[in-house]
Amino acid sequence: MKVFISQPMKDRTFDEIEIERNVMIHVIGCVYPDEEIEVIDSLFSDEDVPEGETVGALWFLGESIKAMDKADLVVMAVNWQHARGCQIEHEIAVDYDKRVIPYWTIERKYLEQQAKEKGKEYEIS
C-alpha cells in the first residue's frame, strides 16, 4: 500500500517534521502489519528546486500534490486542519476519491492493539 503523509510544516524544522513522520510511519506499519507499506516521498527541500530557479510555497505544494497521485492511502497528520497546504491536500484527496484517514484514528488503533497485547482494555482518559 502506497501511503502519502500530509503534515504541517510551517514554523517547524526539517528534523521536527522528519521525527514526527518517522513515528507516524512506524505506527502505520504496526496497524497494517499484513500490508507492505511504501511511504511516498513528499518531503521536499530547497535541494529539490531546479538549479537556478527561485520558487515559493506553491511550488512545494504542487510537488506534493503530484506525489499524492500515486497514493492508495492519504494520512492527515495531527493539526492538518490548521495548515493551509494540508487543507488543500485534503480537499484534493477527497475530490479525487483517495482513501483519507486522519492520523489520530490510526494512532488509536495502535494503542488499542498495544493494550490488547498486554491483556488490557484501551480506554480514553
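Let me begin with a term: a nonpolar core is a set of buried Ala, Val, Leu, Ile, Met, Phe, Trp, Tyr and Cys residues joined through side-chain atoms within 4.5 Å. The structure above is a predicted model, and its largest nonpolar core holds 15 residues, of which Val3, Ile28, Tyr32, Leu73, Val75 and Ile106 touch the most other members. At least two residues of this core come from each of β1 (2–6), α1 (14–31), β3 (73–76) and α4 (103–117), and it is α1 that gives the most, with 4 residues. In soluble globular proteins, nonpolar side chains tend to be buried together.

If we look at Tyr32 and set aside residues up to four places away in sequence, we find that Tyr32 touches Met1, Ile37, Leu73, Arg99, Ile101 and Lys109. There is also a second, separate core of 11 residues, and Phe4, Met68, Val74 and Trp80 are included in that one.

Turning to helix α2, which spans residues 57–68, we come to Ser64. Is Ser64 buried or exposed? Ser64 counts as buried because its relative accessible area is 6%, and, leaving aside neighbours within four places in sequence, Ser64 is in contact with Phe4, Ser42, Phe44 and Glu89.

Finally, the backbone. Most residues other than glycine have a negative phi. Asn79, however, in the loop between β3 and α3 (84–95), has a positive phi near 70°, and Asn79 is partly exposed, at a relative accessible area of 43%. Asp97, placed in the loop between α3 and β4 (99–102), likewise has a positive phi, here near 60°, and Asp97 is exposed, with a relative accessible area of 69%.

Notes: Residues numbered from 1 in each chain as written. Predicted model: local features only at pLDDT ≥ 70, side-chain atom pairs only at ≥ 80, totals over all residues. Heavy atoms only, no water. Buried < 20%, exposed > 50% of the residue type's maximum accessible area, 1.4 Å probe, protein only. Contact = heavy atoms within 4.5 Å.
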